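Dear colleague,

I am passing on the structure below, and my notes on the packing of its helices follow it. Please read them alongside the coordinates.

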Amino acid sequence: MKKTFILLFALLPIWAMAQVTPEAVIGLCPQMPTAAELAAINQDAVDAFVTKISKAIKQAEAANKKQIEASAGKYKSDLNASLKNQYGKSADELEAMSEEQRKSFAESYAKQKLQGAGINKTVAEIEKMSDAEKQAMAAQMATNITGLSAADMQKLAKMENMSDEEALAYLQQTGMLGKVQNMGTNISQANIGKNSSNSVSVEKMAKNMKTESDYNSEVASFISKRKKSRETLLESARNLYNTKYRAKIESLEKRLGEVSDPLYPGNAETVKALMKSLKNELDNLNVEYRTAIATPWLEQTLKEMAQIKALIPSARKADAANEELMKMRGDAVVLQQEAISWAMEYLHTASNVTEFMPSL
């Protein structure tokens, strides 16, 4: 009976995460090590933390995997309904077709969509066109769908290798930001499902797209600042070692190596005492340096964890907006993972607290 109770209590954390939430994932994080523990020569406390955080990450990933698998049935049902609504055929019906039937169906559907985009040509006719003609047609389609001109499209093409922050600044500088926002509304209106063609739906879709855009900007800002802060701390740690500790530590290591040589002259007890003294001095110097760099690194890690917690409400809103967008377009609804992903990132960020030593 006692073993049964022990087993039940061992399973409680897993049962509690049957419905995976960001709060449940974050709640798995063990107590963070102190700067003194991170800097200590004896790393038992750090090793224990690493074991616990690794276990927490694996448990969260396993629970989330089960949740995703459990949603697969609903997704398949949604997919059948979505494809039936958009193409007139369910996923099961398309799968049951022969290759020739699928090809014929695809060509017919492609012709229909091309006509909807203002292009009165079949796929076969397009295949016979020159590259220049195809490019001109593609530009015309893009203009018809988005409301952007060919010149606008060329401006957008320049954003291909930009970061999110650079792209946003570029859109503002070129006066394209408003056009892109309008483009979202145009595309939304074109993609709204058969039963959602009213202006209220267009407005809701545009609002959801803005929610996602605002969230993406928030995420990009966090990632950029976090990267810069970490790089600055590691560079400062490297500079501190080179200017204050390298010469002393290397000198002590050299001296300890000399004294450790079996051929080193002197009384055995005296040599042993000297070795102990040198080792203690070296350990103290290393702990002093490690404390100096572990302290700001721990503070930065805790700051990032707090920022991730603060991001989760926005991630939840983005999840809800994206889910509603999929429903409004008639798409199959997949399990939304932004909020959960950030909770996972919370655990991974916590595990990164041990990575404060720079490459020297």
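Trp342 is in contact (heavy atoms within 4.5 Å) with Tyr215, Val219, Phe222, Ile223, Ile308, Leu311, Ile312 and Ala315, where residues up to four places away in sequence are not counted. This is a predicted model, in which local features need pLDDT of at least 70 and side-chain atom pairs count only at pLDDT 80 or more, while totals for chains, interfaces and linings use all residues. Residues are numbered from 1 along each chain as its sequence is written, and side-chain values use heavy atoms, leaving out hydrogens and water.

Helices here are DSSP runs of H or I, at least four residues long, numbered from the N terminus.

The axes of α4 and α15, lines fitted to C-alpha atoms over the stretch in contact, with angles from 0 to 180 degrees between N-to-C directions, come within 9 Å and cross at roughly 165°. α4 is therefore roughly antiparallel to α15, the term for angles over 145 degrees. On the α4 side the contact includes Phe49, Ile53 and Ala56, and on the α15 side Ile340, Met344 and Leu347. Phe49, Ile53 and Ala56 are also among the buried residues of α4, buried meaning under 20% relative accessible area with a 1.4 Å probe, protein chains only.

Best regards

Terms used:
Buried < 20%, exposed > 50% of the residue type's maximum accessible area, 1.4 Å probe, protein only. Helix = DSSP H or I, 4+ residues; strand = E, 2+ residues; numbered from the N terminus. Parallel < 35°, antiparallel > 145°, perpendicular 65-115°, else oblique.
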